[in-house]
Amino acid sequence: MQGLEIVRDPEDADVAVVNTCGFIDSAKEESIQTILEVGRLKTEGELRGLVVVGCLSQRYGDELRRDIPEVDAVLGITDYSRVPQLLDHLARGGDARWVNDTKGGHLAGGAEGAAAQLAQELATETGGELKTADSDLTRMRLTPSSFSYLRIGEGCDHTCTFCAIPSIRGKQRSKPIATLVAEAETLAATGVRELVLVAEDSTAYGMDQERKRLLPQLLDALSEVDGIEWIRVLYAYPHTVRPELTERLRDNPKVVPYIDIPIQHISTPMLQAMKRGVSKEQVMRILDRLRDEVPGIAVRSTYIVGFPGETDQDFEELLELTRDYRFERLGVFPYSHEEGTPAYELQGAVPEDVVAERIRQIMELSKQNIEARNASLVGQTMRLIVDHEHPDPASVGLSGPAVVARSFADAPEIDCSVHLLGSHRSGEFVEARITGVAEYDLLAEPQ
Ligand code: SF4
């Protein structure tokens with residue numbers, strides 16, 4: 001890349017780029033912690049430059065430059081194509097002191113002479129525009145070779161009252177099907193066997209281009225790509241899961257019968273306050289349809305607990321849903337109070353200890369659901385995809401080499417794993433018999 005070499009350890013680098021997330025408090029804290037840790041290396045003379053990119057810098061660019069003096073340049077969700085030029089400049093000891101986000105590029109103060117000229121040039125040429133929904137083929141993948149995320153669009157047209165994402169990432173822009181097929185072909189050629197489709201709202205794919213929901217057509221096109229064996233859909237918006245999509249989940253052998261459908265809540269007053277555009281009855285109809293139309297489907301969802309005004313009754317409805325519907329996978333998050341969102345102005349904050357207790361109760365129920373499902377799988381044969389070598393087989397009672405694998409019901413990085421005995425390559429599919437349970441995970445041996 002333009003004479004630059006990528007190294008994995010910041011201590012071996014001349015210049016570091018920290019990619020940030022900034023949509024809820026915990027993500028912001030983690031990002032700031034990382035910036036401070038890398039900034040320390042700069043203070044100690046190990047690094048010559050520190051550039052911060054991504055959502056946090058889109059949201060708080062000026063503050064980052066002002067409050068963390070180790071940071072040389074800040075880029076929002078903009079075009080990164082000239083980052084190499086900036087890095088080269090910093091690696092040679094140059095000073096950029098530059099902020100560039102969709103509010104436009106500008107100097108953050110302190111840049112003079114050639115540095116000011118470069119900063120101005122970069123800011124003018126790359127500033128002001130949101131990242132376009134183009135091919136991401138040139139990105140560096142950090143995931144194992146077995147799977148790859150495939151971002152099918154950028155931005156979101158919804159206005160959920162708790163969410164800062166539309167204000168950070170802008171309106172929905174779908175990538176063309178041909179672009180995504182080309183990306184999938186290239187990924188398959190590097191050994192990727194599973195595509196994990198992501199977007200802010202994957203079921204809205206295509207709406208910005210043709211006013212049509214084109215996710216089913218995209219799934220058809222991607223399943224024609226040689227080498228791709230599994231395709232998984234994350235971030236489906238509840239009331240836009242249409243029969244054309246469930247048909248693919250059921251009938252297309254490459255589309256795994258799994259869906260991630262973040263419902264956020266189930267009580268109608270909460271759904272209304274969150275501006276989710278659906279009632280409890282509508283969400284239930286969709287959840288029931290998934291079970292009816294796709295036999296054996298694994299359904300993942302996420303809840304937000306402690307939204308302003310959440311009553312005991314609202315929470316009871318969430319508990320009841322967890323008990324009755326038995327989501328195969330479930331994530332539960334405390335409400336995060338985000339400035340700039342409509343919910344920020346709402347009264348009725350739920351005390352932290354109440355939120356923590358509510359989350360505990362839901363997680364306990366969810367654990368019981370997963371344990372019951374896991375127990376029912378022992379003795380069955382499943383097709384697994386291998387991700388990587390097992391770091392410590394003895395820790396789960398396996399003697400001998402093993403790998404970390406997944407079933408169709410497990411999205412990488414967020415769901416459960418299967419600890420599979422034997423040596424297998426990343427990306428290999430193995431028919432395996434489930435031999436036992438290790439907390440949330442399963443144990444297996446090749447059939
Ligand atoms: S659909 Fe998702 S990304 Fe879009 S506003 Fe709602 S929570 Fe945010």
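The model I am reading is predicted.

Next I looked up the strands behind that pair. Strand β11 covers residues 255-260, and three bridges join it to β12. The two run parallel.

Strand β13 spans residues 329-334, and six bridges tie β12 to it. This pair of strands runs parallel too.

How much of β12 is buried? I checked residues 298-305, and eight of the eight are buried. I sorted them by direction. Ala298, Arg300, Thr302 and Ile304 point one way. Val299, Ser301, Tyr303 and Val305 point the other way. Residues on both sides are buried, Arg300 and Tyr303 among them.

I traced the chain between β12 and β13. Helix α12, residues 312-325, belongs with these two strands in a β-α-β unit. I noted its hand: right-handed.

Last, I looked at backbone angles in two loops. Gln264 has a phi near 70 degrees, a positive value in a residue other than glycine. I placed Gln264 in the loop between β11 and α10, the helix at 268-273. Is Gln264 buried or exposed? Its relative accessible area is 11%, so I list Gln264 as buried; the cut-off for buried is under 20%.

Which residue has a positive phi of about 55 degrees? I found Lys275, which is not a glycine. Lys275 sits in the loop between α10 and α11, the latter at 280-293.

Key: Residues are numbered from 1 along each chain as its sequence is written. This is a predicted model: local features need pLDDT of at least 70, side-chain atom pairs count only at pLDDT 80 or more; totals for chains, interfaces and linings use all residues. Side-chain values use heavy atoms; hydrogens and water are left out. Buried means under 20% relative accessible area, exposed over 50%, partly exposed in between (1.4 Å probe, protein chains only). Helices (H or I, at least four residues) and strands (E, at least two) are DSSP runs, numbered from the N terminus. Two strands pair if DSSP finds at least two bridges between them. A crossover is right-handed if, with the strands pointing away from the viewer, the path from the first strand over the helix to the second runs clockwise.
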